[in-house]
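I opened my notebook to see what I could learn from one model today. Here is what I looked up, step by step.

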Amino acid sequence: MYEPIRTKSVHALADTADFPHRSREEELNIQLAGHLSALLAVTDELGLDEAAESIAGQIARLRGAPPARHAGLTGADPAALHRRALALAGRALVVAASRADTAAAILSAERMDAHTAALREPRLVGAP
């Protein structure tokens, strides 16, 4: 016949777990710092020192420590790097807007504008 279960259920509520939980704001901080770090790597590779320092400042503000800088160059096409930077800046802008981080949103929008303008340069895209 039926015998009652003598051990605790493996289907415990998640709230009783013993590991720390992060708030939504902490998760967004981590995401934003990650997007900005990737943008920093591409910006360093493009040799845009002033922009890279601005991005590094925002990362340091979010993480509480200066970021590790990109050391190696990939030799990628500058147009491809600008397209990648544009996409990364867009992702950073979305996260910055969702966490209402005005400084990071302004920086991301400025970087998007700069990379869009760079992609319009005829010498960069191979037009005569």
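Does Ala100 count as buried or exposed, and what is its relative accessibility? I kept in mind that this is a predicted model. I found a relative accessibility of 63% for Ala100, and since exposed means over 50%, Ala100 counts as exposed.

Next I checked where Ala100 is. I found Ala100 in the loop between H3 and helix H4 (102-120). I also looked up its backbone: phi of Ala100 is near 60°, a positive value in a residue other than glycine.

Then I turned to a helix pair. I saw that the axes of helix H1 (residues 24-46) and helix H3 (residues 78-98) come within 9 Å and cross at roughly 160°. Angles over 145 degrees count as roughly antiparallel, so H1 is roughly antiparallel to H3. I noted the crossing of H1 and H3 as left-handed. Among the residues making this contact are Leu28, Leu32 and His35 of H1, and Leu81, Ala85 and Leu88 of H3. Sorted by class, the contact of H1 with H3 has 15 nonpolar, four polar and four charged residues.

My last stop was the largest nonpolar core, which has 23 residues. Those with the most contacts inside this core are Leu32, Leu36, Leu39, Leu40, Val42 and Ile55. I found that H1, helix H2 (49-63), H3 and H4 each supply at least two of its residues, and that H1 gives the most, with eight. I picked out Ile55 and listed some of its contacts: leaving out residues up to four places away in sequence, Ile55 touches residues including Leu36, Thr43, Leu107 and Arg111.

Note on methods. Residues are numbered from 1 along each chain as its sequence is written. This is a predicted model: local features need pLDDT of at least 70, side-chain atom pairs count only at pLDDT 80 or more; totals for chains, interfaces and linings use all residues. Side-chain values use heavy atoms; hydrogens and water are left out. Axes are lines fitted to C-alpha atoms, for helices over the stretch in contact, and angles run from 0 to 180 degrees between N-to-C directions. Helices (H or I, at least four residues) and strands (E, at least two) are DSSP runs, numbered from the N terminus. Angles under 35 degrees count as roughly parallel, over 145 as roughly antiparallel, 65 to 115 as roughly perpendicular and the rest as oblique. A crossing is left-handed if the near helix is turned anticlockwise from the far one by less than a right angle, and right-handed if clockwise. Contact means heavy atoms within 4.5 Å. Ala, Val, Leu, Ile, Met, Phe, Trp, Tyr, Cys and Pro count as nonpolar, Asp, Glu, Lys and Arg as charged, and the others, Gly among them, as polar. Buried means under 20% relative accessible area, exposed over 50%, partly exposed in between (1.4 Å probe, protein chains only). A nonpolar core is a set of buried Ala, Val, Leu, Ile, Met, Phe, Trp, Tyr and Cys residues joined through side-chain atoms within 4.5 Å.
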